[in-house]
Every structure is written in C-alpha cells, then in structure tokens.
Amino acid sequence: MLVCFVGAFRVVMVILHHLCVMPAYYLFVILILPVKYIHLPTYLLIEGMLYRHLLTLVAYWGSTAGYKLYESGDDISELANHRCLVLPNHQSTADVPVLFAAFNTKPDVLENIMWVMDDYMLYSHIGIVSYVHGDMFIRQKLSRNQRQLTLGKMRAHVLSSFIPNHRRWCVLFPEGGFLRKRLSSSHEYAKKMSLPILQRVTIPRIGAIECINNAILEKRDVPFKYVIDVTIAYNKQSDCLGLFQLIAGTYSQQTINVHYRVFEFTSIPAHSSNDFFTWLLERWEEKELLLKRFYEKELECMRSRYNMETMKSPQVFCHNDALLENIIFNKNTNQVKFIDLEYGGFNFSAFDIGNHFDEMCGVEVLDFSRFPKEDEQKVFIAHYLKKFHELKGLEAPSVTEINQMHLEANRMALCAHFFWGVWGCQQSLLSTIDFDYKGYANSKLSEYFNMKPITP
C-alpha cells in the first residue's frame, strides 16, 4: 500500500512539475526567438541552458527513486567538444532518460546533443521540447519506400538543424526499436542472411548512420571524430526498467549500468556499407557477450558451480596476495617470510596456492603461458601438504589428497582471476598510483573467461 501511495505521489508531482516548467521553457524560447535571427550562437547558448535544465529534471527521476547508476569502461567526459556518434543498445522506454542521467554529469554534453528517437517520444511530455531543440523523431516498421523517404527527411534535418546549430554529439539507436519488439524479427532476418542469432541485442542497422555521416561529409562540415559505443544493462533482462516505473519509482531492481567504449571514427571502415555493417555487427556481438556475462551473475555462477561446502581444503589465515614480490627468501637463514599482509584474512588454503600460481604469470606484464604446468603444481602441492601434515602431526599426504588439492587450487586460481579483475576495475576509479589498473583488470578478466570453460 505504501509503495502504491509513494508511486502515485511521485507521478502527480512529476505532472505538476512539468506543468510548471514546460510552459516556462516555451515562454523563454518565444522571448529569445528574435535573438535567433540576430545572433544564432547567443540563442543556442540560452536555449541549450534551458534544455539542459529540463533534461536534468528528468535525470533526477531515477536518483530520487533510489536507483543507482553505475558507469564503466572508457572515459567519455573529455569528448564533449568533439563530434561524436553515440550508439546505444535499446531495451526499453527508460533508455533515453537513463542516458539523460548519465550525460548530465558531463559538462557541455546535454545541450549539444541531437537525439534520433522513436516517434512515440514526440508525444511524451519531453517530446515537444526535444522537437524545439532540434532532435529528430522517426517511425519504425516502415516499408522500403517509406524508409527511403525517412532517410531523405533525416538528411534534410542534418543539413538544416544538426550542422547549423553546431551540435557535437548525435545519439542514435541502431537497433531501430526495443529489444522485446524486435527480437523475433531480428532472429528471422539473421536466419535469412546467415547472421549470428543474438538474444540480448538485435541486429543493428546502418542506414541512418550512413545518411547522417554522408550529409555531414557532403556539407564539408566537421566530421565525426569518435564513435561512443554504449551498453545499457538493467538487473534482469526480463525485467527492464520502463518509463512509468522510472517516474513512479516502482522498479524492483535498483541498479542501472552503462558501459562505454570509444573508437576513433577514422579506424572504422565507413567508406563501404558492407564493411561498416560487418564492423558494427562485431561490436554488437561483443555487446551480446558483455550482457550475457552481466546477466549470468558470475558470483552466483561460481557459487553454484563450485559448492564451497564440499571443499576439502581447510579454512586458514591466508595471505591472499601471494605474488612473488611479497615473498622474501633469506639465503643466510634459509627462511621464507611474507610481507604486505593488508589483504590477509581467513580463506581456503587452496586460494593462496591457486592465487600464487596466477601470480607466477607476472604483475605489470602478464604472460599467462607462465602459469605452472600440472606436474609442477603437484610437486609444489606435495611439498606444501607434507609440511602442513608434519605441523599437524599427521601422516604423509596421499595421492588422493594431492589430487584433490590440485583440483581445488585450480578452481581457486580461476576465482582469483575474477577477484583481481574486479579489484583492478575498482582501483582504476579510486587509486592515484601510476599503474594501468584498467589494462590489468581487462587481462585478468579475459583470462578468467578463457579458463572458465576448461576448469573442472
């Protein structure tokens, strides 16, 4: 009952809020309209400020409802002054407001974007404002003739609005519609054209992208410098956030994830339609894999695959960071000592062994071919268990115990790759140390996914 009341209250407040701010926007635009014909840059500056403030209000719908937006991948904050083509996947009606929120934290971005959106958005509360700003709305499910007519209108819009208004970013959804609406037709088209069957995204289209790019080149205006590939992910593919849920605050899962990848436009084969489609499809296949891994919830997968309750390895105080630089051998006393115990804590002894095997591949430069072979691992494990049994007053370890520890150490080596990969992602955002944490995380997570299928 309380959730329903809060949701209804939020909807009423949003309506009242927009009944106030929308007319204010239109009034200000009418008042400054003469400036458009006297000094266009001044008009664009003022209108851009008004437009940004309106989109900021929309961006706050999620944060006031308790939804948390997480951004990852390449840093796009420095690209505001470059002409960029932004290509997100399209899952639901909330995708556009989510991007409002993501771009709101980047200076000089929202006011300098042209959005290419489905025409249903034109009839929303923000649609007319977007139309006045110079955004474009296109219909879906068009016949071939209608599609050509729409591309002609798009070209005219680029020449009459995008270029004269000095817009820098163009946001376009290559999938041409929501995932749930296009998935079946995407599968049919993929089968017909012998293309990969995608489950979490749909086959992208290149017609609109080529139309916009060709119009810019035809006008000899500033070309696109970067492509920003955006992947939006909600907590569950089957339970995507919708526009009404965003307004009412009734979405059960409260995290939204946006991942960026940046490509220089000159590195893209945009001169050839076939090559460009192949390039874009490869990016969408990577997006499919990224979403697959995200929705599979790796931690839950590891817990279900490797039942920790059946582990034979004892739980002991572990170093948890047994890289070679943290192990000191004193030749004079013939002793080994461990340093830097800040990650120390209780864990399975197999984790320390598996992680140590991982660390043999290096730190700053990772060479996974140096991961010890099976016979080398078993020699190490045999010595370890022999000493461990001596300290416990037990008999020498059996072959079965050595084999069991070898199995569990390799499983923990896999877990360690995942652990340090996630750690690298976090440190890339927080640490001030001059180290390529992002590259390190990418290497560790890549090796995790490489080893996952072959680790028993």
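1. The crossing of helices H12 and H13 is right-handed, a label used when the near helix is turned clockwise from the far one by less than a right angle. H12 covers residues 374-392 and H13 residues 399-430; helices here are DSSP runs of H or I with at least four residues, numbered from the N terminus. Their axes come within 9 Å and cross at roughly 115 degrees, with axes fitted to C-alpha atoms over the stretch in contact and angles running from 0 to 180 degrees between N-to-C directions.

2. A note on reading this: the model is predicted, with local features needing pLDDT of at least 70 and side-chain atom pairs pLDDT 80 or more, while totals for chains, interfaces and linings use all residues. Residues are numbered from 1 along each chain, and side-chain values use heavy atoms, without hydrogens and water.

3. Which residues of H12 meet H13? Among them are Ile381, Leu385 and His389, and the H13 side includes Met405, His406 and Ala409 (contact means heavy atoms within 4.5 Å).

4. Now look at the cores, sets of buried Ala, Val, Leu, Ile, Met, Phe, Trp, Tyr and Cys residues joined through side-chain atoms within 4.5 Å. In the largest, of 54 residues, Phe103, Trp115, Trp169 and Ile228 touch the most other members. Helix H2 (residues 40-64) gives the largest share of this core, nine residues. Another core, of 37 residues, lies apart from it and includes Met114 and Phe162.

5. Finally, the cysteines: there are zero disulfides (pairs of cysteine sulfur atoms within 2.5 Å). Cys84 has its closest cysteine sulfur in Cys170, 11 Å away, too far for a bond. Cys84 is buried at 0% relative accessibility, whereas Cys20 is exposed at 55% (buried is under 20% relative accessible area, exposed over 50%, partly exposed in between, with a 1.4 Å probe and protein chains only).

Note on methods. Helices (H or I, at least four residues) and strands (E, at least two) are DSSP runs, numbered from the N terminus.
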